[in-house]
Each structure stands twice: as structure tokens, then as C-alpha cells.
Amino acid sequence: MSFDRKIKIAPSILAADFANFGAECEAIEAQGADWVHVDVMDGHFVPNITFGPATCAAIRPHIKGVMDVHLMISPVDPYIDAFAAAGADVITAHAEAGPHIHRTLQAIRAAGAKAGIALNPGTPASAIEPLLDMIDLVCVMTVNPGFGGQKFIDMTGKIRALRALIGDRPVHIEIDGGVDPNTALLVARAGADVLVAGSAVFRGGSASNPDPYGTNIRAIREAAEGVYA
Ligand code: DX5
Ligand code: ZN
């Protein structure tokens, strides 16, 4: 996984057909997705349950590029090795998931994955300050995590603050929640480079009718790149 700050679109399979993940992952990659975003929820840290490492391992062979695993679980540490063994390229844990985020980030890198930290809307940018040299990605939640299809919460001030804190370090800024062509431009201008989008990518299409996925991905990318600015 090489580092750059070009806009990357990461469809969240939370909005895909759960009975058809393999074909859905192949379809979004064929339609231009850069990363595949995989939302793991435990019904404890967030009020919803999705799936765990076995599902990640099952979909891994259907993803050619980056598998970006977003853990909305608490505790995190007992499961890191299982998600790394499932083939996650990036493992992101929440700053709010426990008292020892520093240890969690160490464990993610030790397991051979890139380490991400996610910040809920109520958590300030300064939370990453002591951790800057041990992260590869910061995920700015622009909804309260747990569900797809929620309304975007403007976090552009936080994104700018993170961008300044990160400086020249090779750390991605990822945005998760309510990303569509309208909000993509705002967050990209503030300094984001990875845009997660669930409903705005999967709406109107399916694995057997994937063209709308391509249209939707292009619309978000072109908006973020300022084509219509
Ligand atoms: C929310 C998840 C998101 C979600 C985004 O808890 O982390 O990845 O799927 O969905 P949309 O793009 O529909 O807001
Ligand atoms: Zn997510």
C-alpha cells in the first residue's frame, strides 16, 4: 500500500447486498472504487451488529485492492490478530473504544496492518496529538457511528485542524458518514483524501446491474476533485 493524497473513494459494503458480498466487492472495484470499506459493529460500542473476522476473510479474495476495516467494537484488542489474519490492510479502531488506544494502535501495527484511529463527532482533533507517529490514517466520523444513510454532520473545522497537526506525515484523512457529491467537495477542500460512501455509491445499482455504481463513484470523485467547483 503506497501513500498519496489523491482522492480515494471507499464504498462501504454496509450498503451492499449482505447475501452477495463477494460479487458486490468485485462490482464496485470494476466500477472504479479505490478501497473497500468494511464496517464491523458489535451491538455494544454501537447499537447495531454487522459481522466479524470470518466474513472479512470470506470477502478478502474478492477484493484486489485495499481492504479497509473499520472496527466499531469494544473491546478491540482481543480481535486485532483475527482481523489481520483475515487480510485487512487497514484496521481502524475508535479513540473512544477503551482506555488504551495507544496500546491498540501498537498492536495493529505489530499484527502487520496499517493503523487507523476513528474519531466520533464529539471527540476533538487534539485526541490524536500524542499518537501522530503511530497512525497511518485518521477517520473523521461525520455521523454518529452505527448506521448507514444518516445526515452529514459538518466536521470541516476538525478536518482542517487534523490536516495541520499531521503536516508532512504520511497519514490519510478519511471521512465516514453522509458523503455524497455535495459534501465531498467540502471535506476534500478541508484536507480529506479518503472518502467513505455507502448509500451514495450503492443506490440504484446491484451486482448484476453495476453501472449505477460507476456513475455514483465518478460523481463523488469529480465533486471532490472540484470539477464542478
Ligand atoms: C457508519 C459507518 C459508515 C456508513 C456510511 O457507522 O461507519 O461507513 O456505512 O454510510 P453512508 O455513506 O450511507 O452514510
Ligand atoms: Zn465506516
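So, where is the place of D39, in which strand? D39 is in strand β2; helices (H or I, at least four residues) and strands (E, at least two) here are DSSP runs, numbered from the N terminus.

Before I go on, some housekeeping. This is a predicted model, where local features need pLDDT of at least 70 and side-chain atom pairs count only at pLDDT 80 or more, while totals for chains, interfaces and linings use all residues. Residues are numbered from 1 along each chain as its sequence is written, chains are lettered from A and ligands numbered from 1 in the order in which they are written, and side-chain values use heavy atoms, with hydrogens and water left out.

Okay, the annotations. UniProt, in an unreviewed entry, puts "active site" at D39 and D176.

By pocket I mean, on a 1 Å grid over the protein atoms alone, an open set of points where a 1.4 Å probe fits, with protein on both sides within 12 Å along at least five of seven lines; lining residues have an atom within 4 Å of a point.

Now, what sits in that largest pocket? Ligand 1 does, meaning more than half of its atoms lie within 2 Å of the pocket's grid points. Around ligand 1 there are 20 residues, and D39, G146, D176, G198 and S199 come nearest; a residue counts if one of its heavy atoms lies within 4 Å. The shell divides into eight nonpolar, 10 polar and two charged residues, with Gly counted as polar. Strand β2 gives the largest share, three residues.

On to polar contacts, which are pairs of N or O atoms within 3.5 Å. A polar side-chain atom of S199 is 2.4 Å from an oxygen atom of ligand 1. For G178, a backbone N or O atom lies 2.8 Å from a ligand 1 oxygen. H70, found in strand β3, has a polar side-chain atom 3.3 Å from an oxygen of ligand 1. The protein covers 99% of the 390 Å² of accessible area that ligand 1 has on its own, going by the Shrake-Rupley method with a 1.4 Å probe.

One last thing to look at: a cis peptide bond joins S74 and P75, with omega about 0 degrees. P75 is in the loop between β3 and α3 (80-85).

Notes. A polar contact is a pair of N or O atoms within 3.5 Å; within protein, one must be able to donate a hydrogen and the other to accept it, and residues adjacent in sequence count only if both atoms are side-chain atoms. UniProt positions are given in the numbering used here, feature names are shortened, and annotations may be inferred rather than shown by experiment.
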